[in-house]
Amino acid sequence: MSISPEHSPALIPPATIAFSGPDNVGKTKQIGILARRIGPAATTSGSLDDCDPRWSGIKAAGMGAWWFERGPIEEVADVLASSYLERSRRPAAAALRFMDRGIPMLEASLAATVAVRERTGPEGAADRARALLEPFATDLRTAEAAEHGIVLLHDDDPVIGTARSLSHERSVTPSYADYQRHLHLQIHRLVREGRWAETIVIGERRVVAVQDEIRRRLHRHTPLVPARALPGVRVVALAGMSESGKSTAGEYLRTRHGYGRLKIGYLIEDAAHRAGIADPYEVAAVVRAELLVDALDRYCAAHHFLDRLTIESLHDHDATAELRRMLGQQLTVVYLDTAPGVRAERGTAGPDDVVERDVVKARRGAAGITSLAREVVDNNGSRLHLERRLDGIALAHRWPLRQPATVPVNALGLPVNLESYLSALLDRTTVQQPPVIDLLAVTGSGARGKYQHGWSDLDVFVVADQSSIPRLRQALAELEAELGGVKLGLTVLTQDECRTGVVTSRLLHVLALIGSGALVPLWCRPGLALPAPDAATDVAASVEAGVQAAVEIRRQFLKGAPDLRALFKITALLAKVVLRFEGTECASDDDALTVFLEREPGISDDLRRRARGDRDKAVKLANIVLGHWLVTLALPTSRA
């Protein structure tokens, strides 16, 4: 009989998943996030001190003194082992049970305690701990076999891990610091012995990133654990006082950049209802942050196609700080700031209502959120200013910053006079301090080693501040004679224009080429990093170039004598755009037209070659390419 997937042994959930690890590694928080997300199908096993009546007296007399000084080590071993075993024996209240500290942690903590109390080394402490636990050995092996163990480590190096554990404590006694050092050593020993099924090193990662790895590991063992936790989701949290433009910003990011737009109040209240919390605004800030993350997690799991969203509006400093600790680089807090008078003018309510709402928000720490914001946007009433700032925020997530490499001028294979021109231009614009420009690159055929004298222009792309334009103009004027009649096509952009994406489709393509390394500049200011537009955005934006090329081709057709060179180049551009949407990237004009004509039965590549010098052939070639473009725009004919 075949086994159906839903009854496959691999999909039967383990009764217990036990989280282990040193202090302050996040075991309790990770269990809480996971248990809340799974819901009624999961439960937690509770604390060890609920599993043996002796703990109440121990805590009353002082647990630290009993653990490290007063309590006989045999008693410590007995209380710990009895508590671990009693917790394991208790029946689970749900299909999946999470434990904070699995059975291997008993041996690790007892060995660390022995090392502190009896001044022994790690190996001697481990032997002593095993001897103390020998009366319980059979039961402990049975209990450990019933667990699916996962251990969280601060670092691969126990010394670094110890330092990180202690850094979270307000005060540290010498005995506790020594205990932590030995505890890390013992845990790492047990990792090497293979006592846990899963080992996860936390490092510098934030809570949600670790939760995502935990889920990926555990989902293979039980489908009750969700497969991911906000994988790669970028969250822009909008903050600010009343009428500061938060809604406007959220709507712009939704319509222009494809963000999902969510309200924080609804998210928290929905998550609180699921968790049985009557008033989420009366619980601790850390709980509100966890509720918000839980709601975001559920929403993104249901809308798996979303990789970016906005949440509005943040008014709680402490919850925002905890949210940033949980999400790390996945979260960008944007504070929109305006003068009170401007807010009152924008608001549909009267000024008194605006002030009253802001007083309530201020009590929650709304103004203090500026200290947590990555971006503070002065929304002074200019829609253009606001949208460009939002463009920069959105594109910073999608377009990574990269520092370009450079090549010498003589690597391009240009004619000697053009090499001399470019070298002189670089001398005049980069040697002085500060440099006149930030970057210079040759584009077009000159960058590909296919420059043709009498046909090609010298196309140059420059990144420079606007204040540098007069000095750049002077350098160009001084060197104009060295061009020898070659037409210079110079384009200048500022860094802000690059980072906000306020560029034409052709310049966007140049940035994409530089970002991918396909186009290497001649010079770049040390430390300069430019955004690298993604391929999908580059392809989508090229429609603009296609539209312009199609219009220009018809303009040339309507002339009595078309400009042969212009017609050929614009035809090649339109061919590149069409091919790009088909997944074929051709840098040169000839390559694009050759590939394009291969789809035309009865048309040889001779047409492309002759089109450079024969107007009739150039018009025929342009008609072929334009026809393919127009076919993509054709709508079905309506029928009566």
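Student: About how many Å³ of space lie in the second largest pocket?
Tutor: This is a predicted model: local features need pLDDT of at least 70, side-chain atom pairs count only at pLDDT 80 or more, and totals for chains, interfaces and linings use all residues. Numbering runs from 1 along each chain as its sequence is written, and side-chain values use heavy atoms, leaving out hydrogens and water. A pocket is an open set of points on a 1 Å grid over the protein atoms alone, where a 1.4 Å probe fits, with protein on both sides within 12 Å along at least five of seven lines. Taking the space filled by probe spheres on points joined across faces, edges and corners, the second largest pocket holds about 570 Å³.

Student: Which helix gives the most to the lining of the second largest pocket?
Tutor: The lining (residues with an atom within 4 Å of a point) has 21 residues. With four residues, the most comes from helix 1.

Student: Which residues lie nearest the centre of the second largest pocket?
Tutor: The lining divides into five nonpolar, eight polar and eight charged residues. Nearest the centre are Asn24, His168, Ile202, Arg205 and Val207.

Student: What is the phi of Asn24?
Tutor: Asn24 sits in the loop between strand 1 (16–20) and helix 1. It counts as partly exposed because its relative accessibility is 33%, between buried (under 20%) and exposed (over 50%), with a 1.4 Å probe and protein chains only. Most residues other than glycine have a negative phi. In Asn24 phi is positive, near 65 degrees.

Student: Why does Glu243 count as partly exposed?
Tutor: Glu243 lies in the loop between strand 6 (234–239) and helix 11 (246–257). Its phi is positive too, about 60 degrees. Glu243 counts as partly exposed because its relative accessibility is 26%.

Student: In strand 13, which residue is the bridge partner of Val442?
Tutor: An open sheet of four strands runs 14-13-12-15 with mixed pairing, where two strands pair if DSSP finds at least two bridges. Strand 14 (488–493) and strand 15 (523–524) are its edges. Strand 12 (439–443) and strand 13 (458–463) pair antiparallel over five bridges. Val442 is bridged there to Val460.

Student: What is omega for the cis peptide bond that joins Gln433 and Pro434?
Tutor: Glu312 and Ser313 are joined by a cis bond with omega about 5 degrees, and Ser313 is in strand 8 (308–314). Pro434 is in the loop between helix 18 (416–430) and strand 12. For Gln433 and Pro434, omega is about -5 degrees.

Definitions and conventions:
Helix = DSSP H or I, 4+ residues; strand = E, 2+ residues; numbered from the N terminus. Nonpolar A, V, L, I, M, F, W, Y, C, P; charged D, E, K, R; others polar.
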